[in-house]
Amino acid sequence: MFTLPLGDHAQLRPLEPWQAQEFLDHIDRARASVDPWIPWATFSTDLDSATATLQRYADRLAHDTGRIYGIWLEGTLVGGVMFTRFDSASGVCEIGCWLEQAGEGRGLVTRACRVLIDWAFQERGMTRVEWWAAARNTRSVAAARRLGMTRDGVLRQHSSYRGVRHDIEVWSVLSEEWPDLGEVSGSGVQAELDRLMRVFVGAFTNTNDSRPDLGVIRDVFIPQGRIIANVGDEPVIYDLDAFIEPRQKMLTDGTLTEFSEWEVAERTEIFGSIAHRFSEYRKSGYRHGEWFEGSGHKTTQFVRTPSGWRMSSLAWDDAPATTTR
């Protein structure tokens with residue numbers, strides 16, 4: 001059995017039917033947080049049903065249509081990731097995840113999912129990796145953002161679970177958008193910096209009933225990161241918390257609706273373990289019910305850390321916005 005380190009005393013390993021008792025014990029601990037979104041807690045209530053759950057994935061592995069892996073933290077199973085669908089003929093697969101409370105807040109799911117996505121693209125030549133999540137499952141949607149995926153759309157009332165019809169958000173990442181985890185080439189670093197910028201910009205989007213989660217900004221920045229607004233005569237300098245909290249409120253309390261921002265041009269320079277990006281961006285939405293459009297420029301600095309590339313600082317300068325009634 002292979003074992004891949006995830007850092008923080010965590011490991012990624014295959015999850016197999018002979019581990020059903022360990023899986024059941026874990027699901028019992030995770031039942032309250034997993035059951036609202038994933039039927040495993042309903043399906044896995046005793047040793048036989050837990051074995052059957054894992055056997056279904058063993059059968060998919062044998063037919064190359066799915067796989068499942070566990071995440072162990074200091075020797076205890078705390079969650080996992082899986083290919084819920086894997087179609088090598090079409091080049092499209094879907095990944096998913098789950099986690100109990102003891103594994104939260106460490107980035108384990110993001111790291112494990114990146115291993116799976118990298119394998120799908122680099123080893124199996126897949127073209128597209130999808131992520132399907134119930135629209136109200138904000139933690140799953142946030143995980144898709146952290147992975148730099150793009151929200152393709154919403155399948156309204158697509159799935160029924162526990163007698164309730166759920167809207168399903170479909171997110172995806174394409175092979176040409178995905179950085180090489182080894183980052184041995186300049187193009188691999190460029191792709192990773194592109195991903196970080198997509199996550200940052202995408203965190204603000206609340207169009208089509210999408211739910212912004214600015215907390216993902218903490219994942220793309222170093223903890224000491226600074227964000228600087230060049231407004232008026234003197235720049236305003238924020239730490240991450242001071243920047244995130246008021247904007248999260250504006251994007252969820254009706255102040256800003258149907259808002260999105262996107263990069264329209266960029267120039268990136270990479271020097272060993274540091275990098276700089278100069279970006280032009282545009283944005284639009286409703287502010288207090290009035291439509292506006294804007295544009296501006298960003299300058300972003302990146303550093304390579306033991307956990308990968310991260311933003312260290314970002315400064316922006318808005319051009320005057322235009323409004324219509």
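Biologist: Why is Ser312 called buried in this predicted model?
Modeller: Its relative accessible area is 17%. Buried means under 20%. Therefore Ser312 counts as buried.

Biologist: Where does Ser312 sit, and what does Ser312 touch?
Modeller: Ser312 lies in strand 14, residues 308–318. Leaving aside residues up to four places away in sequence, Ser312 touches Phe221, Ile222, Gly225, Arg226, Gln301, Phe302 and Val303.

Biologist: What makes those residues contacts of Ser312?
Modeller: The cut-off is heavy atoms within 4.5 Å. Phe221 is one of the residues that Ser312 touches, so this pair meets that cut-off.

Biologist: What makes strand 5 and strand 6 a pair?
Modeller: Pairing needs at least two bridges. Three bridges join strand 5 (residues 92–99) to strand 6, so they pair. The two run parallel. Cys93 stands opposite Val129 in strand 6. From strand 5 the chain passes through helix 4 (residues 108–122) to strand 6, in a right-handed β-α-β crossover.

Biologist: How do you know that strand 6 also pairs with strand 8?
Modeller: Seven bridges link strand 6 and strand 8 (residues 164–174). The threshold is at least two, so this is a pair. Its sense is antiparallel. Ala133 has Glu169 in strand 8 as its bridge partner.

Biologist: What makes strand 6 mostly covered?
Modeller: Five of the seven residues in strand 6 (residues 128–134) are buried.

Biologist: Which residues of helix 5 are buried, and what follows the helix?
Modeller: In helix 5 (residues 138–146), the buried residues are Ser140, Val141, Ala142, Ala143, Ala144 and Arg145. Gly148 follows helix 5, with a positive phi near 75 degrees.

Conventions. Residues numbered from 1 in each chain as written. Predicted model: local features only at pLDDT ≥ 70, side-chain atom pairs only at ≥ 80, totals over all residues. Heavy atoms only, no water. Buried < 20%, exposed > 50% of the residue type's maximum accessible area, 1.4 Å probe, protein only. Helix = DSSP H or I, 4+ residues; strand = E, 2+ residues; numbered from the N terminus. Right-handed = clockwise from strand over helix to strand, strands pointing away.
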